[in-house]
Amino acid sequence: MTLPLFIEQTLNGVQFGVMLFLMAAGLTLIFGVMGLINLAHGALYMVGAFAAAATAAATGSFILALAASVVFAAFAGVLVETLIIRRLYGRDHLDQVLATFALVLIFAEGTRWVFGSFPLFLDKPDWLSGTVMLPFGIEYSLYRLAIILVGLVVAAGLFWLIGRTRVGMQIRAGENDREMIAALGVNISRLYTLVFALGAGLAGFAGALIGAIQSVQVGMGDSVLILAFVVIVIGGIGSIKGAFVGALLVGLTDTLGRQLLPMFFALFMEPAAATSTGASLASMAIYLLMAAVLILRPKGLFGGA
Amino acid sequence: MTIKSLITATAIGALGALALPTAHAQAEGLKVGMITTLSGGGAGLGIDVRDGFMLAVNQAGRSDLEVVIEDDQRKPDIAVQLADKMIQSEKVDVLTGIIWSNLAMAVVPAATAQGKFYLSPNAGPSQLAGRGCHQNYFNVAWQNDNLHEAAGAYANSAELKNSFILAPNYPAGKDALTGYKRFYEGALAGEVYTKLGQTDYAAEIAQIRASGADSVFFFLPGGMGISFLKQYADSGVDLPVVGPAFSFDQGILQAVGDAALGVKNTSQWNKDIDTAANAAFVASFQEAYGRLPSLYASQGFDTANLLISAMDKADVKDADAFRAALKAADFTSVRGAFAFGDNNHPIQDIYVREVIKEGDVYTNKIVATGLSNHADAYAADCKM
């Protein structure tokens, strides 16, 4: 494998990881602060993508579409939190899983009801189309490069929000001891709604960014949700830093695994068998990574602090 | 979330019966059970098959034809439950509707073993065309390999010599690459199996770029194809793309947009096939549903018309006569010439289409015939 191909695949892995981080950040915050397993997080990702596609179709502006994705997903998050999820904080995880799974189905069929069963069109704007030349003669998609940059900026903003602001302090305190910060006079239910809206908005934003290069369709959030859970388990549940490192690890493992494993098996197997075995093992790679991390650090890389 | 819709043809059929007062030979009636995917990912295909099928049923306006429709949610276990229910409590005579090969494998052998007829409007797994064929199983669409074989034949005629080929890592994906390689004579720059349901193809596109290929063949149905095409168009890789119609059907093209323009794809049907039956089908489908039909809709429409043609000739209670009537395929297919081979799979022309833009709508036009009177490769293994 040549160096440019390796660098391009590494960039692809980082881009995938950054996107996963946007999903996983909200999921891990919601679990860390409220102790809630939210299966409906993938549905909010879908809501963001559909809101963006509808806005882009109506206005033609990609920036407006991105803004709409955050606003609509956050709004859907607030609605769901105040109407349904608020009643689940005291219940055990099984009840939460059941109720949020019901939400997944409701969102999926509701979206189909409004938008129909056929995929929607959402494209990147012209000024982000095409490719750029990077050093070492690498031709790389401008849009993917933009996703990496935007994702890193959002990640930095999130670290600042959690680590340096008053709201962030309350969120961190909420992770440590819910009763105590309620006793100290923090409006805990408003904090919960805020965290949920933040997580939902990030998921919706990720949905819109990815929707532009994938297909905007019902059920698009399901596979991403599973990966996001893998990320937060690897990173340690509740830890933003863990989500970031976990997301990059998963992104790189998945992308490079798909490239390298078939090549590795081709060293000592028939080409056809190597392709097939390599592909099968590559789709397992991130789960093997998760298993390995859990054996070495049962609470995840940054968990249990 | 299971949608149950019981559609008796009486309401719509009443009008038709007045217009067509011919006495049908059978007073007994026939009940069809349609199991198809109406919710979840891939629902667009099932909805198209259902709409095409019901359009033909409504146009025939027969009061002796009853259709029961159920949603399999693309899940084999649910499809099996529905089939049991339809056979045992609904007492259907004919089953149809399944989109996905893995669901067909779960339902069809059991249904035909119980003496029911099964008409496939889409799935055509190689197992059911070869050794596992059955006299009561009729495929009205294609055997899975067919469109890929035509793509391979097209690649030869377009003088493509070094293809990079990819498909998802599941049985129909393997059938696809096998089908392409069966006819394609050039070299392979690379062969990649992706994960089923994969949405990001950056890693594969990077490999294509590095492989030195002169063309790309892919089979990525539904949303997978949309993702691949959009990312491919944005990658700066500028090789010609060939694929089966599944990634370029009417339901998907609007979501792909300009990225699909000019792509060559293979199909047994297109809306510009110049026959009176096809023109009438396209116009009436548009009028009834407000959208252009896809190849899935054409398959549903043909399936219903095949069934109705058999009803005109024989009573379903006389299984041998009804089977012979189905096998005769005495109906006007919207794709033009249509006949069943020995294994009850179609012998038909497969066309090469090109994606174009008509006004604001992305669609296909036929540019060549890929394979004429094409039968599948498994017929020899079928002993009925």
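**Entry 1: the two domains of chain B**

I took the distance between the domain centres of chain B. Over C-alpha atoms, the centres of domain 1 and domain 2 of chain B lie 28 Å apart. This is a predicted model, so I treat the figure as computed from a prediction. I then looked up the domain bounds. Domain 1 of chain B is made of 5-142 + 272-344, and domain 2 of 146-267 + 350-381.

Next I asked how many residues each domain brings to the contact. I found 21 residues from domain 1 of chain B and 21 residues from domain 2 of chain B. On the domain 1 side, three elements of chain B give two or more residues: helix H2 (43-60), helix H5 (126-129) and helix H12 (295-313).

**Entry 2: Pro171(B)**

I picked out one proline of chain B. Pro171(B) sits in helix H7 (residues 171-183) of chain B. Burial would need 20 or more.

I checked which residues Pro171(B) touches beyond four places in sequence. I got Ser101(B) and Pro125(B). Pro125(B) is 46 residues away from Pro171(B) along the chain, yet their C-alpha atoms are separated by 8.5 Å.

**Entry 3: two residues with positive phi**

I noted Lys91(B) for its backbone. Its phi is positive, about 55°, although Lys91(B) is not a glycine. I placed Lys91(B) in the loop between helix H3 (76-88) and strand S4 (94-96) of chain B. Lys91(B) has 9 other C-beta atoms within 10 Å, so it is exposed.

Asn373(B) also went on the page. It is not a glycine, but its phi is positive at about 45°. I found Asn373(B) in strand S14 (residues 361-374) of chain B. With 10 other C-beta atoms within 10 Å, Asn373(B) is exposed.

**Entry 4: where chain A meets chain B**

I turned to the contact between the chains. Chain A gives 37 residues to it and chain B gives 33 residues. Which elements of chain A give two or more residues to the side that touches chain B? I listed helix H1 (3-34), helix H4 (93-115), strand S2 (138-141), helix H5 (142-164), helix H10 (240-266) and helix H11 (271-296) of chain A. H1(A) gives the most, with six residues. By class, I have 19 polar, twelve nonpolar and six charged residues on the chain A side.

**Entry 5: annotated stretches of chain A**

I looked up the UniProt record, an unreviewed entry. It annotates "transmembrane region" over several stretches of chain A, among them 12-32, 39-57 and 97-122. I checked two of them against the model. Residues 39-57 of chain A are 89% helix and 0% strand, with end C-alpha atoms 29 Å apart. Residues 97-122 of chain A are 73% helix and 0% strand, and there the end C-alpha atoms are 31 Å apart.

**Entry 6: confidence in chain A**

The mean for chain A is 90, and 99% of its residues reach 70 or more. Among the elements of chain A, helix H3 (residues 62-83) has the highest mean pLDDT, 95. Helix H7 (residues 178-183) of chain A has the lowest, 84. I keep one caution: where pLDDT is low, predicted coordinates should not be read in detail.

Methods. Residues numbered from 1 in each chain as written. Chains lettered and ligands numbered in written order. Predicted model: local features only at pLDDT ≥ 70, side-chain atom pairs only at ≥ 80, totals over all residues. pLDDT = per-residue confidence, 0-100. Helix = DSSP H or I, 4+ residues; strand = E, 2+ residues; numbered from the N terminus. Domains from an automatic or database assignment. Contact = placed C-beta atoms within 7 Å. UniProt positions renumbered as here; feature names shortened; annotations may be inferred. Nonpolar A, V, L, I, M, F, W, Y, C, P; charged D, E, K, R; others polar. Buried ≥ 20, exposed ≤ 12 C-beta atoms within 10 Å, placed from the backbone.
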